[in-house]
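This report goes through a protein chain residue by residue and helix by helix. The sequence and structure come first, and the description follows.

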Amino acid sequence: MMMMMANARSKKDEEPAVIAARVLQRFFKNRWKYSLRRVMRRRQTRLVLREIFFFVIFLGCFTSSAVLEVQDDDIFYYGNNVKGQLTTQEFFEEDSHVVKTFEEIRTVEEWYQWAHGPLLNTLYTSGTWAGGDEAPFPGYVFGIHKLVGGVRIGQLRVKKNDVCPDAVEFAYREGGHKCYGGAKGEFTLDDEDKRDFGDLDVPFTWNGWGEYYRSVEEDRALGEYATRRHVTAIKFPPPAFGVIMPNSGYEEAQAIVRDLAVGNYIDEQTRVVTVDFTLLNPGMMYFLVIRISAEVSHAGGVIMTYEAMTVRQYSYFDGLTWFKKLMEGIVTLFYMYYFVREVRRGRNRGMRYFMNTDAALHNINIVVFVFVCVGRLISMSLTPSEASVVVDSDIFYDFGPSASVRKISVYLNAINAFLCWFKLIRYLSYAPSMALVVGTLGRSAGEVVGFMGIFA
């Protein structure tokens with residue numbers, strides 16, 4: 001108590017000049033702190049505004065080069081019109097006494113009826129133009145889509161098992177259980193039967209009839225790039241026992257389909273039959289790579305699958321015009337800049353920086369774009385060389401592996417589009433009203449995710 005009274009007395013005894021100096025010192029100290037905070041705030045605001053400005057430019061370039069390019073309605077109509085001809089066209093009355101289409105195929109006989117009717121009618125007649133038997137534009141569909149090379153009908157065969165796994169051994173007056181392939185109907189290379197077969201004078205061979213750009217061995221050497229998954233979720237390697245139909249010529253194609261039926265091309269050991277061909281629209285420069293599969297199910301009957309991929313080939317860029325290519329180049333430069341910036345921030349701030357949600361999503365975006373670029377390069381390497389492709393020849397060119405990789409890169413680019421536009425929400429949160437919405441969603445995210453788990 002005595003010390004407090006002494007201190008109060010000493011402050012009263014101070015000279016007015018000392019008191020004034022202390023007041024000024026406190027004022028300027030507080031003023032300096034306030035000014036420093038204001039300068040830092042202005043600097044931060046300028047940095048944010050500059051980042052938003054460049055991101056908006058980047059988003060505009062990305063949208064014009066990637067998003068708008070695949071929003072062309074003609075891409076949809078291109079594939080959908082061809083699919084309609086092959087899957088909704090009725091079988092010929094001479095083949096089927098009731099109305100049937102692709103979706104109603106359940107038996108091997110109905111597959112032959114479809115091949116003789118809608119398949120040949122679409123590819124080799126004027127059925128897609130003006131009706132009639134002879135095509136006014138040989139080798140064309142809808143008068144504009146050019147058939148590239150020949151059409152391959154191929155299959156995969158499995159061995160017949162002497163013993164059916166897990167089957168009760170009942171007594172038979174003749175023969176016994178019949179089982180083919182794996183225990184659950186799956187296809188493996190160990191179960192594959194490569195022996196010649198058929199009831200014609202010339203048997204169906206594993207290497208196939210006709211000319212191929214790549215042999216069966218070369219196709220299978222591509223590994224996962226050439227593997228396709230069908231409706232039963234089973235992966236199948238490239239088919240063997242191929243029969244190549246011509247680029248044009250209805251009568252020749254009709255004779256081949258007839259020989260397939262007479263020669264018993266599809267039998268009990270057939271696991272899957274595929275029809276592969278590629279169409280090119282020269283005006284759009286899009287390839288339509290089609291595979292039509294008929295799986296002989298482990299449960300009995302035939303399961304049909306139609307798969308079509310409309311993709312750009314022979315070009316790294318998705319766009320054709322110089323403007324679209326320029327936009328894609330600018331987008332690539334932006335991603336390179338963002339990559340370098342993220343590396344620097346990681347070095348300066350440590351690994352904790354990458355644990356931030358915004359940084360993690362941004363880095364995922366960059367990684368996905370790298371996969372997009374790599375996918376395009378791989379797709380180009382798998383595409384048959386331009387000099388070797390004779391469009392109106394009867395050689396079969398398999399664009400399936402390159403188209404599959406290109407399609408995956410398109411899907412990955414869609415993830416880029418989502419992440420880019422999602423990032424825009426973060427920038428909009430600088431507006432007070434939007435910040436309220438974003439903050440509310442962020443705080444309730446944990447509870448909402450847990451609630452949605454009930455319906456998962």
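F241 is buried, since its relative accessible area of 1% falls under the 20% cut-off. The model is a predicted one, and in it F241 lies in strand β8, which covers residues 240-245. Its backbone has a positive phi of about 55 degrees, although F241 is not a glycine.

M285 is another non-glycine residue with a positive phi, again about 55 degrees. M285 sits in the loop between β9 (270-281) and β10 (286-296). With a relative accessible area of 28%, M285 is partly exposed.

L280 belongs to strand β9. Its relative accessibility is 14%, so L280 counts as buried.

Which residues does L280 touch, leaving aside its neighbours within four places in sequence? The contacts are Y78, I144, H145, K146, V148, M285, Y286 and F287. M285, the loop residue described above, is therefore one of the partners of buried L280. L280 and Y140 are 140 residues apart along the chain, and their C-alpha atoms are separated by 9.3 Å.

## Helices α4 and α6

Two packed helices are described by the angle between their axes and the distance between the axes. For α4 (residues 108-124) and α6 (residues 250-262), the angle is about 165 degrees and the axes are 10 Å apart. That angle is over 145 degrees, so α4 is roughly antiparallel to α6. The crossing of α4 past α6 is right-handed.

On the α4 side, the residues that meet α6 are Y112, A115, H116, L120 and Y124. On the α6 side they are Y250, A253, Q254, V257, L260 and A261. By type, this contact between α4 and α6 has nine nonpolar residues, two polar ones and no charged ones.

## Helices α7 and α8

Helix α7 spans residues 322-349 and helix α8 spans residues 357-382. Their axes come within 10 Å and cross at roughly 135 degrees. At this angle, α7 and α8 are therefore oblique to each other. The crossing of α7 past α8 is left-handed.

From α7, the contact takes in E328, V331, T332, Y335, Y338, F339, R341 and E342. From α8, the residues are A359, H362, N363, N365, I366, F369 and R376. Sorted by type, the residues where α7 meets α8 are seven nonpolar, four polar and four charged. Among the charged residues, E328, R341 and E342 come from α7 and R376 from α8.

## Cysteines

How many disulfides does the structure hold? The number is zero. A disulfide is a covalent bond between the sulfur atoms of two cysteines.

C61 has a relative accessible area of 9% and is buried. C420 is also buried, with a relative accessibility of 0%.

## The chain as a whole

The chain has 456 residues, and 41% of them count as buried. F241, L280, C61 and C420 belong to that buried part. The secondary structure of the chain comprises 10 helices and 11 strands.

Contacts in the chain can also be sorted by separation in sequence. Among those between residues at least 6 apart, 69% join residues at least 24 apart.

Key. Residues are numbered from 1 along each chain as its sequence is written. This is a predicted model: local features need pLDDT of at least 70, side-chain atom pairs count only at pLDDT 80 or more; totals for chains, interfaces and linings use all residues. Side-chain values use heavy atoms; hydrogens and water are left out. Axes are lines fitted to C-alpha atoms, for helices over the stretch in contact, and angles run from 0 to 180 degrees between N-to-C directions. Helices (H or I, at least four residues) and strands (E, at least two) are DSSP runs, numbered from the N terminus. Angles under 35 degrees count as roughly parallel, over 145 as roughly antiparallel, 65 to 115 as roughly perpendicular and the rest as oblique. A crossing is left-handed if the near helix is turned anticlockwise from the far one by less than a right angle, and right-handed if clockwise. Contact means heavy atoms within 4.5 Å. A disulfide is a pair of cysteine sulfur atoms within 2.5 Å. Buried means under 20% relative accessible area, exposed over 50%, partly exposed in between (1.4 Å probe, protein chains only).
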